Amino acid sequence: MLKSSLMNHALSIENLTKTYANGFQALKGVSLDVGEGDFYALLGPNGAGKSTTIGIISSLITKTSGRIRIFGHDIDEDFSAAKRLLGLVPQEFNFNVFEPVEEILVNQAGYFGIERKAAFARAEQALHQLGLWSKRREQARDLSGGMKRRLMIARALVHQPKLLILDEPTAGVDIEIRRSMWTYLRELNASGTTIILTTHYLEEAESLCRHIGIIDEGELIENSGMKQLLSQLHMETFVLDIREPVQALPPAITDCVRMIDDTTLEADISRGKSINFLFEALSQHRIEVLSMRNKTNRLEQLFVHMLENNAGNTATP
Amino acid sequence: MTLTEQYIAFKGIVIKEVLRFARIWVQTIVPPVITMSLYFVIFGNLIGSQIGSMDGFRYIDYIVPGLIMMAVITNSYANVVSSFYGSKFHRHIEEMLVSPLPYWLIILGFVSGGVARGMAVGLAVSLVSLLFTHLALHNLLVIVSTVVLTSMLFSLAGLINAVFAKSFDDISIVPTFVLTPLTYLGGVFYSISMLPEFWQHVSRINPILYMVNAFRYGFLGVSDIDIGQSYAIIIGFILLLYGLALYLLKTGYGIRK
């Protein structure tokens, strides 16, 4: 009988460690819970341990120690039930490139014990949803990069998992396809599928995810809600494009505004402080603002700040 | 997984494996047929006619069962070693590893693919051999059981080779340096009773000798080895290799980091 508290977690990781044969310690006791129905971002720099964590959850990497449960099912003791609930979209293409697209999905469904006729129906549904139906008879090697990414998502969904893990699903994909994938993932999450996403596009994580975990050097250094995390941001930097070139800034704003060039300004504004004073000062000096944008993505600012802090904390003198 | 789901999954792997070698039949079925036809012509008809009889049979009749078995052995081995290593190399073995498939079922699926190719090639070579001689059928049950068990054994051996292999070169080493010499020395072309006593004893270390002789018994009713002993050796090796393959997959050797 599964404890009800565990059942509320789509994924529960306890003290996960991994030391590779060459002695490299990729994970140093990671523990985290992902709630059922969540859209969770797992972030970290290259080599931080994200893909190792995902590899262990999906049985592609052997853990050194620790415990993983998927909807309460231990992946060691009850691996059949645990795997049935999990769908994985790995970082690198791992399908047989010589097989036709539809066959890849039907075979995958077969590995989950789905009868062939039903597998074809599910493959059709998934291929329609991901815009690949017209390519169903083509060999996978003939697909474009974006189509291959979508094929991996379709394959991961063919057995209708309750937990979907995507390891950098939009890497190398153009912005149009990326946005259509976001829409699809939002719909999938809204329909009840728990999603865990790793990405280097922090805009993507901020836009899609409700909770976030940051791994650095094999340790989880942050695990909180996206809103709570972003509220830690004290300062935001805006870039302003102005119509006419200026030679100097109005004295009232020199403490928070810099000139990048004669038509571009940068302003540091504390969170919660009104931005009106800036426009008033600029208007008084007949400086007309054409456009304004965030200099960097908010999450990106925080992410870099946290990694710098972590590096400072772990650096040896 | 329930039994029904396991059956569906097994069927899926077998279909996939059979389609794999059937799609490239020019590379998988035709070459052994051509090679064996050359053996029939050269060793059977041309040289064989000069040799006379062997164990009371025309030479070509004597070597045909061994040649069919040789094709079965090399092809069942080649099928699984290339398929499993290919899936490792291109990483689509991960499709199975992330699924709830038990390891024994993965082994059974690949082995069944190897058996299917071994049987397909064996049947094709047998049909071609009819152009050169008429095949006697002494005991059909022995023929079928020997060919199935032998192809199972070498499919398992191919799978283990693929697990250890780190490059495509590694999957050709065993067939070239182990399988081919053992097959040639396994009594395909001669009866070990022709050898000096010492070499007869040495030959008995070679497991392929037992398979070739059991298979020949099925066709001709003669064998250098007791049939019961042949079955025991073949089944013993199957169990040994199955245990090793299962251990390797469970520990993730060569397939998981």
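Modeller: Strand E11 of chain A (residues 235–242) and E13(A) pair in the antiparallel sense, with seven bridges between them. Strands, of at least two residues, and helices (H or I, at least four residues) are DSSP runs numbered from the N terminus, and two strands pair if DSSP finds at least two bridges between them. This is a predicted model, in which local features need pLDDT of at least 70 and side-chain atom pairs count only at pLDDT 80 or more, while totals for chains, interfaces and linings use all residues. Residues are numbered from 1 along each chain as its sequence is written, and chains are lettered from A and ligands numbered from 1 in the order in which they are written.

A hairpin of two residues links E12(A) to E13(A). Across this pairing, Asp261(A) has Thr264(A) as its bridge partner, and Met259(A) has Leu265(A).

These strands belong to an open, antiparallel sheet of four strands in chain A, ordered E12-E13-E11-E14. Strand E12 (257–261) and strand E14 (289–294) of chain A each have a single partner strand at the edges of the sheet, so one side of each is left without a neighbour there. On average, neighbouring strands of this sheet are turned by 25 degrees against each other, direction ignored; the axes are lines fitted to C-alpha atoms, for helices over the stretch in contact, and angles run from 0 to 180 degrees between N-to-C directions.

Elsewhere in chain A, strand E6 (residues 86–89) pairs with strand E7 (residues 163–167) in the parallel sense over four bridges. One of the bridges joins Gly87(A) to Leu164(A) in E7(A). Both faces of E6(A) are covered: Leu86(A) and Leu88(A) on one side, and Gly87(A) and Val89(A) on the other, are buried. Buried denotes 20 or more other C-beta atoms within 10 Å of a residue's own, exposed 12 or fewer, and partly exposed the range in between, with C-beta atoms placed from the backbone.

As to confidence, chain A has a mean pLDDT of 86, and 92% of its residues reach 70 or more; pLDDT is the predictor's confidence in each residue, from 0 to 100.

Within chain B, helix H3 (residues 30–46) packs on helix H7 (residues 103–129) at an angle of about 35 degrees, with the axes 9 Å apart. Residues of H3(B) that meet H7(B) include Met36(B) and Phe40(B), and those of H7(B) include Val121(B) and Val125(B). The contact of H3(B) with H7(B) has eight nonpolar, two polar and no charged residues.

Definitions and conventions: Contact = placed C-beta atoms within 7 Å. Nonpolar A, V, L, I, M, F, W, Y, C, P; charged D, E, K, R; others polar.
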